[in-house]
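Biologist: I would like to learn how to read this model. Please take me through its features in turn.

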Amino acid sequence: MKVLIIDDEEDIRRIAYLSLGKVGGMDVLDADGGSEGLRKAESEKPDVILLDMMMPKMDGRATLAALRGNPSTSKIPVIFLTAKAMRSEVEQLMQIGATGVLTKPFDPMTLASQVRSILSENGH
Amino acid sequence: MRNADKQKKELIQEVDALQRRVAELELVESQRRKTEEALRHSETMFRDLYDDAPIGYHEIDTQGRIKRVNRSELAMLGYSEEEMLGKPVWDFIIEKGASIDAIAAKVSGKKPLISFERTFLTKDGKPIPVLLEDRLIRDADRNVTGIRTTVQDISSRKRVEEALRTSELRMRSIIEHMLEGLITLNEDGLIESMNPTAEQMFGYKSEELTNRHLRILLSEPSGLNDTEFTRSVIEKALGRVSEWEARRRDDRTFPIELVLSEFHVPEGRRFVGNIRDVSERREVDRLKREFVSTVSHELRTPLTSIRGSLSLLAGGALGRLPEEAAEVVALAERNTIRLITLINDILDLERLESGKLEMHFDTIPMETVLKRSGEAVNAFADQEGITLEIPSSTSKVYGDGDRLVQVLVNLLSNAIKFSPKGSRVSVAAHESPAWVEVRVTDRGRGIPASHKRMIFERFRQVEAGDSRQKGGTGLGLAICKAIVEQHGGTIGVDSEEGTGSTFWMRIPSVVRRRESVQRTADDRAARSVSPILIGDDDPEMQQYFELLLRKEGHTVVFGRSAEEAFEILQRNQVSLAILDTVLLENSEADVLEKLRRDPKFANLPVIMVGDKVLLSAEELSNNLAVFLPKPIQEEQLLQAIRDGLARAGGKDVLLVEDDVILLDVMERQLCKDGITVRTATTGKEAIQLAHDRPPGLLVLDVGLPEGDGFDVVDALRRESHLKKIPLLVYTGRDLTAEQRGQLTLGATRFLTKSEATDEEFQSLVVTLLQKSIQSGSQA
């Protein structure tokens with residue numbers, strides 16, 4: 001399974017890389033922001049994208065909108081990683097097309113399995 | 001011989017007569033001497049009095065020249081008699097004197113004395129303030145020949161007066177430069193004065209407000225008249241800090257704290273009010289909360305990396321660690337997780353307190369809450385060697401399931417943490433008409449009475465160090481309390497030191513839910529009935545009332561003491577109160593008065609039951625109360641309830657809104673204030689409900705299915721008894737003046753959804769409803 005992690009924090013990308021790759025056995029790609037993420041999503045066609053909510057320049061919401069707006073990426077499941085986990089916000093993100101929402105700080109030992117279970121719940 | 005005898009006899013007689021005469025003369029002479037002596041004595045006495053009286057004394061002639069002056073006055077001024085006699089009296093006085101004629105003109109038969117305050121100058125040039133009292137001297141023909149004056153040294157009085165003035169000046173200057181606003185009020189709540197700070201705060205000049213009622217400064221939507229309003233302010237603010245929304249001259253409102261103290265002046269009772277503008281503090285609170293929220297979020301990012309790294313290491317994802325390394329990494333991971341929990345708790349609490357934590361209310365079986373909570377703490381209980389006893393329950397509550405589980409998990413974890421190994425933690429659930437109560441009992445060391453209240457505050461645990469020892473954040477119970485309170489419930493603890501504690505929470509079981517737009521009228525009637533409060537401490541009476549009233553389709557809540565009854569009234573919407581006189585230790589009049597003073601309860605029907613009548617018929621009717629003697633006649637009681645409810649009915653608010661979520665929010669908000677609410681989601685339904693019973697106020701959205709706001713107003717306007725209903729148009733649309741004209745019933749107000757705050761909505765509803773109740777327009 002190929003996963004693309006989009007987060008502006010390098011440390012988080014590293015943890016996610018270890019967590020999803022080392023622990024979860026996934027192929028991990030990463031991008032430091034929305035625009036690089038869009039490029040990689042288009043060129044690499046990942047099976048799932050983990051998207052940070054709060055990023056400078058292009059935030060998670062805008063990135064998701066762009067992904068959904070592009071026919072070549074519109075079908076890729078997107079799971080948000082966010083520190084803001086109020087229920088209304090989660091609902092909002094689901095409404096604008098998120099496949100799932102995971103909260104930070106996440107447990108790196110179970111992150112991959114959480115991602116997998118969200119995907120399977122959504123029939124991916 | 002005869003002749004000689006006769007001569008001798010005559011001589012003797014003559015000598016006798018002479019001797020008597022001499023004696024008489026001697027007597028006269030001695031009396032004269034005595035009189036003279038008395039006169040001399042008296043004159044000395046008067047002279048001494050005149051000279052040595054403790055008061056100065058002089059006489060002047062019509063030219064103002066001093067004719068006589070006493071020793072005291074000479075001593076006072078330091079002159080000799082020669083130096084003063086014959087001199088014009090003005091020479092010794094600093095001020096210009098009045099002429100003798102002017103003095104004569106002022107003196108009348110009734111008021112023979114006339115007094116002045118003057119300053120005398122002593123021989124060595126020292127001014128002495130004196131009080132002069134002049135009396136005219138007249139001759140036998142009543143012509144004025146001069147003036148007699150007493151001179152009193154009033155230096156000491158002047159000094160006292162001066163000291164008073166200085167002290168007053170000092171006080172005034174303190175008051176004028178105080179940072180707090182000060183106003184003085186008379187007994188009727190009329191403003192007598194205010195200091196410059198208060199002037200600045202409210203934008204008025206002191207004199208503009210003199211004799212105006214205090215309420216001009218307060219922005220309180222209230223149907224009370226001035227007297228009642230004054231009384232309610234005094235009650236709320238006398239001797240304690242009370243919070244108010246104040247109103248400036250320019251109508252801007254701002255939050256204040258007000259403390260009144262009482263003092264007495266000869267004219268009666270007065271109040272001085274200390275006013276503090278707390279806008280800034282509120283703003284600081286808001287910023288603080290925002291800061292907490294931002295910082296907490298900012299903390300999460302680095303913590304994500306730290307926790308991630310440690311967990312990867314501890315989990316062996318990066319290879320097996322040496323034993324000691326694994327130990328410290330596990331330690332670091334544990335503490336990181338604890339830090340994250342703490343941040344989450346702080347955030348939760350902040351959201352709860354600022355009302356930002358969302359609650360998703362629904363009817364939920366208590367069974368689910370108990371089961372989920374039990375599952376969540378099972379492993380922990382096993383680990384600690386504690387047996388959990390969790391019962392089953394058939395009760396249902398209206399609440400947020402996740403949040404209730406959060407509360408119960410917290411209570412259970414605490415119970416497990418603080419119980420000795422091998423002991424039991426048991427849960428019990430009881431249902432009463434008003435509450436579902438869940439009790440969590442442990443056999444721990446208990447909580448000292450002095451800590452019972454405190455432990456629900458933030459960062460409070462029974463002993464410092466508990467937190468480290470037991471791994472809590474110190475916020476758990478504060479969060480529990482906030483969550484339970486958002487449910488309209490209460491939380492508390494019964495405990496005896498050494499034998500364990502029972503934490504309990506009560507969640508209202510009154511189900512107020514809205515499932516679908518399609519509801520039958522019966523459904524609606526059943527739902528909109530609020531419970532009847534039974535204030536009675538006798539279990540038999542409680543049972544009697546419960547059986548009787550339930551049979552009649554009423555729901556009941558119990559107040560087992562006067563305090564509990566009041567608490568229920570404060571928290572819950574109650575349609576009617578039945579109060580047993582036994583319950584009310586204070587005289588019923590007080591309780592009733594207390595109740596009536598609160599605008600929320602002004603129209604609450606009250607039925608008193610008891611063994612003897614303690615209130616006059618007049619007091620009862622003044623307070624809209626009915627008294628039923630015990631033993632209670634069933635039919636009489638039911639009739640009184642029907643009457644009471646009918647009287648109170650109609651003073652409700654009809655909310656018409658097709659967005660059911662918004663409708664629910666509005667309903668909840670108004671219910672919280674004790675306002676009876678009916679709801680409709682379509683125009684058709686609204687018209688039907690208004691026909692069934694005219695509401696005290698109609699809150700109307702414009703865009704509605706099955707007849708919009710305009711149709712509703714049109715329909716109501718056609719009926720004479722409905723066209724005067726007060727109306728609050730609450731809409732997201734911008735209305736033209738013409739449209740506004742079309743949307744008018746009785747007193748009509750417009751509020752735009754996106755612009756109005758909840759408070760504005762609330763206060764406008766209360767104001768309109770009060771007006772409606774006062775004018776009886778719903779009748």
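**Reading salt bridges, sheet and interface**

Modeller: The structure holds 44 salt bridges over all chains. A salt bridge here is a side-chain nitrogen of Lys or Arg within 4 Å of a carboxyl oxygen of Asp or Glu. This is a predicted model: local features need pLDDT of at least 70, side-chain atom pairs count only at pLDDT 80 or more, and totals for chains, interfaces and linings use all residues. Residues are numbered from 1 along each chain as its sequence is written, chains are lettered from A and ligands numbered from 1 in the order in which they are written, and side-chain values use heavy atoms, with hydrogens and water left out.

Biologist: Which residue forms a salt bridge with Glu208(B), and how far apart are the closest N and O atoms?

Modeller: The general idea comes first. Side chains of opposite charge can pair when their charged atoms come close. Here Glu208(B) pairs with Arg249(B), with the closest N and O atoms 2.7 Å apart. Glu208(B) sits in helix α7 (residues 206–209) of chain B and Arg249(B) in the loop between β8 (242–247) and β9 (253–265) of chain B, so the pair ties together parts 41 residues apart in sequence. Helices (H or I, at least four residues) and strands (E, at least two) are DSSP runs, numbered from the N terminus.

Biologist: Is Glu257(B) buried or exposed?

Modeller: Buried means under 20% relative accessible area, exposed over 50%, partly exposed in between (1.4 Å probe, protein chains only). Glu257(B) is buried, at 11% relative accessibility. Its salt-bridge partner is Arg276(B), at 3.8 Å from N to O. Arg276(B) is partly exposed, with a relative accessible area of 39%. Glu257(B) lies in strand β9 and Arg276(B) in strand β10 (residues 268–277) of chain B, so this pair ties together parts 19 residues apart in sequence.

Biologist: Where do Glu706(B) and Lys684(B) lie?

Modeller: Glu706(B) is in the loop between β25 and α23 of chain B, and Lys684(B) is in helix α22 of chain B, 22 residues apart. Their closest N and O atoms are 3.9 Å apart, in a salt bridge. Glu706(B) is partly exposed at 48% relative accessibility. Lys684(B) is exposed, with a relative accessible area of 57%.

Biologist: Which residues of helix α23 of chain B are buried?

Modeller: In α23(B) (residues 709–717), the buried ones are Gly709(B), Phe710(B), Val712(B), Val713(B), Ala715(B) and Leu716(B). Their cover includes α22 (683–692), β25 (697–700), β26 (727–731) and α24 (737–742) of chain B. Asp708(B) caps the N-terminal end of the helix, with a side-chain oxygen 3.1 Å from the backbone nitrogen of Phe710(B).

Biologist: What is the strand order of the open sheet in chain A?

Modeller: Strands of a sheet pair through backbone hydrogen bonds, either parallel or antiparallel. Two strands pair if DSSP finds at least two bridges between them. The five strands run β2-β1-β3-β4-β5 (chain A), with parallel pairing. At the edges are β2 (27–31) and β5 (100–103) of chain A, each with a single partner strand, so one side of each has no neighbour in the sheet. The twist averages 20° from one strand to the next.

Biologist: How many bridges join β4 and β5 of chain A?

Modeller: Four, in the parallel sense, with β4(A) spanning residues 78–82. Leu81(A) stands opposite Leu102(A) in β5(A). Helix α5 (residues 111–121) of chain A packs on the sheet, touching β3, β4 and β5 of chain A, and its direction makes about 160° with that of β5(A). Contact means heavy atoms within 4.5 Å. Axes are lines fitted to C-alpha atoms, for helices over the stretch in contact, and angles run from 0 to 180 degrees between N-to-C directions.

Biologist: How much area do chain A and chain B bury between them?

Modeller: Buried area is the accessible area (1.4 Å probe) that two parts lose on being put together, summed over both. Here it is about 1900 Å², 65% of it on carbon and sulfur atoms. In chain A, Met86(A), Arg87(A) and Pro105(A) lose the most, together 34% of what that side buries. The contact takes 20 residues from chain A and 22 residues from chain B.

Biologist: How many salt bridges cross that interface?

Modeller: The rule finds one. Asp107(A) pairs with Arg307(B), with the closest N and O atoms 3.7 Å apart. On the side of chain A that touches chain B, α1(A) gives the largest share, seven residues.

How values were computed
A polar contact is a pair of N or O atoms within 3.5 Å; within protein, one must be able to donate a hydrogen and the other to accept it, and residues adjacent in sequence count only if both atoms are side-chain atoms.
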